[in-house]
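Visitor: Could you walk me through this fold and a few of its charged pairs?

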Amino acid sequence: MSADDTATARDDFIDAALFLGMHSADDTVRVAAKAFFVRHLDGRVVMSLEQVGRCDDVIWGYSRELQDLYYPFMDHLHTVMDISREGYDRADVHLALSDTDTPRQLPFIDRMLLGQVINRKGLLHTVGPRSAAFDGLPVRTVTDWPVGQPEPTFPEPLERLYRESLALRLPVGTGALSEGA
């Protein structure tokens, strides 16, 4: 779950699993991921350039028609929300290669992301079963949205664009929302 939650001014990092989770075919995952973004819309989050690229790689695997329904939402979200897209630096890579700072059993892409999070004293937010592998690290799994509670909504026109983008739903258990995503 989460390592040290006592720090006061840590950056919130997101990964491709959380971002793509807003389009999961599993409504539990979808609404939990969406709720994270609704709650953080006026804040700032950090996303590695590699994680941004992984999102695009998944979406580009779908038809042009579905992309045309998805991208207006994503583009608008990236415009109205402060999502800082950042590359890795030397210290991030050093931590990723360290067997003491990032567990060797994790896929290297996760070690790179964790190296960035640890180096910048951040907290990574993610969804899905892969989060169990992050025990003791600065990672927080986004919790399921309570059953029976109304789904959180974005302000307009973002909510309308989101609803239209849901023509694209990502299957659970694919590389889009699983380990190394």
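Visitor: In what order do the elements of the chain run from the N terminus on?

Guide: This is a predicted model, where local features need pLDDT of at least 70, side-chain atom pairs count only at pLDDT 80 or more, and totals for chains, interfaces and linings use all residues. Residues are numbered from 1 along each chain as its sequence is written, and side-chain values use heavy atoms, leaving out hydrogens and water. Helices (H or I, at least four residues) and strands (E, at least two) are DSSP runs, numbered from the N terminus. The chain has 7 helices and 5 strands, and the order is β-α-α-β-α-α-β-α-α-β-β-α.

Visitor: Which residue forms a salt bridge with Glu-151?

Guide: A salt bridge here is a side-chain nitrogen of Lys or Arg within 4 Å of a carboxyl oxygen of Asp or Glu. Glu-151 sits in the loop between β5 (139–141) and α7 (158–165) and its partner in helix α2 (residues 27–40), so the pair ties together parts 117 residues apart in sequence. The closest N and O atoms are 2.9 Å apart, and the partner is Lys-34.

Visitor: Is Lys-34 buried or exposed?

Guide: Buried means under 20% relative accessible area, exposed over 50%, and partly exposed in between (1.4 Å probe, protein chains only). Lys-34 also forms a salt bridge with Glu-159, with the closest N and O atoms 3.0 Å apart. Glu-159 counts as buried at 7% relative accessibility. Lys-34 itself has a relative accessible area of 0%, so the word for Lys-34 is buried.
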